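Work through the exercises below with the sequence and the 3D view side by side. Try each task before reading its solution.

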Amino acid sequence: RYSTAAAVEEPITPPVQAIYTQHLINGQFVDAASGKTFPTYDPRTEGVIAHVAEGDAEDINRAVAAARKAFDEGPWPKMTPYERSRILLRFADLVEKHNDELAALETWNNGKPYEQSAKSELPMLSRLFHYYAGWADKIHGLTVPGDSNHHIQVLHEPIGVAGQIIPWNFPLIMFAWKVGPALACGNTIVLKTAEQTPLTALYAAKLFHEAGLPPGVLNVISGYGPTAGAALASHMDVDKIAFTGSTETGKVVLELAARSNLKPVTLELGGKSPFIVCEDADVDKAVELAHFALFFNQGQCCCAGSRTYVHERVYDEFIEKSKARAKRRVVGDPFKKGVEQGPQIDSEQFQKVLRYIRSGIESNATLECGGDRFGSKGYFIQPTVFSNVQDDMLIAKDEIFGPVQSILKFKNLDEVIQRANTTRYGLAAGVFTKNIDTANTLSRALRAGTVWVNCFDVFDAAIPFGGYKMSGIGREKGIYSLNNYLQVKAVVTPLKNPAW
Ligand code: TXE
């Protein structure tokens with residue numbers, strides 16, 4: 001079934017151009033201070049899309065200075081919350097207007113199916129900004145009673161200049177999760193995109209300026225982690241850093257923040273989420289959901305259901321059907337209608353996934369289907385299913401971040417709870433059962449930031465998202481994200497006439 005020719009013989013020409021390739025600093029597109037650029041690729045063809053300004057410490061300095069000035073001198077933090085809300089809403093409207101260009105650019109640079117970009121992720125982007133626009137004028141402090149005769153106010157103020165470092169698997173959604181709450185609270189931002197996917201954040205930030213965002217409030221720098229990213233995390237004039245990426249790099253960011261100015265850090269890191277199929281499950285539905293939980297976005301999701309635990313009573317049927325489903329998965333040009341799976345993001349991730357597949361084979365897991373690249377060009381990988389996976393195998397412990405499903409067998413609930421929790425991660429979990437008691441037991445026992453019961457990857461703007469254990473620190477989205485971007489100030493004043 002798998003072709004040996006190029007996976008995409010004649011790539012569909014994306015209906016968009018990569019126009020914005022410079023840094024966006026203080027409302028202007030500018031070259032890197034060094035004049036350097038780096039190529040950004042089309043993962044379908046391995047060809048270059050464009051050359052993009054390559055940021056380093058000097059560009060970060062310039063961007064932080066612009067953000068600092070915009071914060072200290074305003075007008076952004078001093079605008080009325082309603083004015084800020086209006087700008088967020090205007091941006092959300094512009095996203096809707098430019099839906100198809102943004103979606104095409106996202107797919108071109110990332111490789112995800114165009115239908116997913118255009119019909120799911122772009123609407124989610126504008127929805128998220130509507131949500132945070134709604135918060136902008138509802139953020140307020142408290143007055144509290146004290147033991148003595150004082151008037152005590154608790155003010156909620158913006159934290160200042162926020163540094164934000166995002167990954168490549170959902171470039172625009174990650175932009176939204178970071179930028180939405182930070183702007184709603186009145187902060188200014190320096191955002192560093194992932195080196196693999198610099199294009200859509202620049203386009204979106206341009207739209208933000210069209211929506212009326214003052215210069216310097218949102219600055220976007222393209223560049224690599226150890227140079228631009230590290231300069232941002234260790235900058236003395238950055239008041240907060242938010243990061244999404246690998247656990248390994250998350251530790252580096254935390255250390256850089258600690259060694260510089262102790263800026264508070266939020267981290268959204270890797271995962272190895274269990275997806276538990278109970279004995280009462282409707283097997284066909286469970287197979288489809290487990291397939292989606294793992295293979296969605298080429299398997300490049302931090303919360304991917306990458307340990308599929310199946311009760312022994314339904315295990316054999318589940319394996320056969322999962323294998324058949326994976327074989328039916330449509331791989332190809334992500335711009336083509338009906339394609340479910342595009343290429344992995346880059347050569348590094350592609351090689352990493354293939355190494356894990358080899359490790360699965362060598363550790364004697366049963367390779368049910370897939371197991372190799374798809375085609376001979378582009379970073380495509382065959383949808384791969386392993387059964388007979390044991391907890392101590394590398395493919396059951398490490399984040400593979402690719403289209404590789406690992407299926408494990410279990411006998412009873414106590415056992416599966418203990419096994420599901422035996423991981424250094426704790427980002428998400430899936431539970432598939434018709435029994436309400438089983439659902440309640442599992443959702444309370446699993447040590448994970450999200451438990452999806454009979455569903456998976458539901459990402460409403462209002463639902464908090466984040467990890468236990470080494471999956472991160474803090475929560476994004478919902479009301480919880482606001483606290484990441486606020487300072488709390490107590491103001492205490494004596495009361496002249498305590499009797500009143
Ligand atoms: O991640 P990195 P990579 C996982 C996934 C993947 C692995 C490696 O398992 O296979 O991480 O991917 C910036 N200081 N996830 O190498 O390095 C970098 O430029 C400051 C899970 O892409 O964490 C990019 O902007 N910043 C994840 C961002 O960190 C640094 C999504 C992420 O890159 C830096 C992506 C440094 N020293 C990968 N080094 C998720 N949680 O969704 C790199 N960066």
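A polar contact is a pair of N or O atoms within 3.5 Å; within protein, one must be able to donate a hydrogen and the other to accept it, and residues adjacent in sequence count only if both atoms are side-chain atoms. This is a predicted model, where local features need pLDDT of at least 70, side-chain atom pairs count only at pLDDT 80 or more, and totals for chains, interfaces and linings use all residues. Residues are numbered from 1 along each chain as its sequence is written, and side-chain values use heavy atoms, with hydrogens and water left out.

**Exercise 1. Describe the surroundings of the ligand.**

Step 1. Find the site. The ligand sits in the largest pocket. On a 1 Å grid over the protein atoms alone, a pocket is an open set of points with protein on both sides within 12 Å along at least five of seven lines. A molecule sits in a pocket if more than half of its atoms lie within 2 Å of its grid points.

Step 2. Which elements give two or more residues to the shell around the ligand? They are helix H7 (225-233), strand S10 (240-244), helix H8 (247-259) and helix H11 (347-362). H7 gives the largest share, 4 residues.

Step 3. Count the neighbours. There are 29 residues around the ligand, and the closest are Trp168, Glu195, Gln349, Lys352 and Glu399. A residue is near a molecule if one of its heavy atoms lies within 4 Å of it.

Step 4. Sort the shell by type. It divides into 14 nonpolar, 10 polar and 5 charged residues. Ala, Val, Leu, Ile, Met, Phe, Trp, Tyr, Cys and Pro count as nonpolar, Asp, Glu, Lys and Arg as charged, and the others, Gly among them, as polar.

Step 5. Check the oxygen atoms of the ligand. A polar side-chain atom of Trp168 is 2.7 Å from one oxygen atom. For Asn169, a side-chain N or O atom lies 3.3 Å from an oxygen atom. Ser246 uses its backbone: a polar atom there is 2.8 Å from a ligand oxygen.

Step 6. How much of the ligand does the protein cover? On its own, the ligand has 810 Å² of accessible area, and the protein covers 90% of that.

**Exercise 2. Trace the contacts of Gln344.**

Step 1. Gln344 lies in the loop between helix H10 (315-328) and H11.

Step 2. Gln344 counts as buried because its relative accessibility is 0%.

Step 3. Follow the side chain. It reaches the backbone oxygen of Gln298 at 3.1 Å. A polar contact of 3.3 Å also links the side chains of Gln344 and Gln300.

**Exercise 3. Inspect the backbone at Pro75, Asn364 and Lys469.**

Step 1. Start with Pro75, in the loop between helix H1 (57-72) and helix H2 (81-97). The peptide bond from Gly74 to Pro75 is cis, with omega near 10°.

Step 2. Go to Asn364, in the loop between H11 and strand S14 (366-369). Asn364 is not a glycine, yet its phi is positive, about 70°. Asn364 is exposed, as its relative accessible area is 61%.

Step 3. Finish with Lys469, in the loop between strand S18 (450-453) and S19. Its phi is positive too, near 45°. Lys469 is partly exposed, with a relative accessible area of 33%.

How values were computed. Accessible areas come from the Shrake-Rupley method with a 1.4 Å probe; for residues, only the protein chains shown count as cover. On a 1 Å grid over the protein atoms alone, a cavity is a set of points where a 1.4 Å probe fits but cannot get out, and a pocket is an open set with protein on both sides within 12 Å along at least five of seven lines; lining residues have an atom within 4 Å of a point. Buried means under 20% relative accessible area, exposed over 50%, partly exposed in between (1.4 Å probe, protein chains only).
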